[in-house]
Amino acid sequence: MTSINKVMRPLEWLLLAVLSVLWGGAFFFAKVALLEVGPLTLVFGRVALAAVALWFVVLALGVTAPHQRRVWRDLFIMGALNNALPFSLIFWGQTIIASSLASILNATTPVFTVVLAHYLTHDERMTVNRLAGVVLGLVGVATLIGPDALAGLGGDVAAQLACVAGAMFYACAGIFGRRFHTLPPTFTAAGQLTASSIIMLPIVLVVEAPWSSAWPAATAWGALAALALISTAAAYVIYFRILAVAGATNILLVTLLVPVSALWLGTAILGERLDVHHLLGMALIGLGLAAIDGRPLRWFQRSIGSLSAK
């Protein structure tokens, strides 16, 4: 079977950048909320509130929701792979390790995706450029966040493995989610989050019994609202739009861009200072993304070839 690696168009790159900004705040919002809310309760609150918001959008747009059992079966699988499992693992990991380290471990998602997509799909084959680009981007993420974040590596092994497992589930979800390309992205996002909410509800009630805890402060509620509406509801509409057009490997490159977006937001809004390692990390990520896309390299080769011919 012929393999065709999907190419990102300028619109998809723009949407990917927007998605990275929406997800860039997720680690921060989660860290704030986790000070007063259990990790499983936070997962349920995130997906349930986002699901309610998106169903209002689905109704407002007049989107027709499919009722086939097969579609809802797949949405429940997607909800487990893309929300319930990775959110729970990563949020629990964040109660033990720093958010910066969690984001580095989360950035391993494209590595898993490149490998799994090569064996599980016919049109997203692994290439030398793609694999080299992912590895280069991962090094860039580690460089961007800095050596201090890596200081915790090897300390809390279980929490770190939980974050890596979450990244692997994200990779599986990206591949599995390709089957929703014919459905409206808004409905797919709402359906996935509804399924996740149903999965998480009994787990939260049994494991954390949230009614027995103190009522969270306003800051925790604000962080939860931002996490649900900005970093989940809005983000997943864009996620499924890119996934339908560009494929699993390309959509999950967003995990390399998330630390960059978080850094730029910190610089622009909080007045944080850019250091040399920040600029070097962003340059490495840019080179990695260029290698994965392939077009800048082909343009450079054509330019060299045309100069040599003169």
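Val206 is found in helix H10 (residues 185-207), where helices are DSSP runs of H or I with at least four residues, numbered from the N terminus. At 70% relative accessibility Val206 counts as exposed, exposed meaning over 50% relative accessible area, buried under 20% and partly exposed in between, with a 1.4 Å probe and protein chains only.

This is a predicted model, in which local features need pLDDT of at least 70 and side-chain atom pairs count only at pLDDT 80 or more, while totals for chains, interfaces and linings use all residues. Residues are numbered from 1 along each chain as its sequence is written, and side-chain values use heavy atoms, with hydrogens and water left out.

The count of salt bridges comes to three, a salt bridge being a side-chain nitrogen of Lys or Arg within 4 Å of a carboxyl oxygen of Asp or Glu.

| Salt bridge | N to O distance |
|---|---|
| Arg241 and Glu12 | 3.2 Å |
| Asp74 and Arg73 | 3.0 Å |
| Arg179 and Asp74 | 3.8 Å |

Arg241 lies in helix H11 and Glu12 in helix H1 (residues 10-24), so this pair ties together parts that are 229 residues apart in sequence. Glu12 is buried at 0% relative accessibility, whereas Arg241 is partly exposed at 26%.

Arg179, in the loop between helix H9 (157-176) and H10, pairs with Asp74 of helix H4 (residues 69-94), so parts 105 residues apart in sequence are tied together. Salt bridges that share partners join Arg73, Asp74 and Arg179 into one network, in which Asp74 is buried, with a relative accessible area of 3%, and Arg73 is partly exposed, with 48%.

Key
Helices (H or I, at least four residues) and strands (E, at least two) are DSSP runs, numbered from the N terminus.
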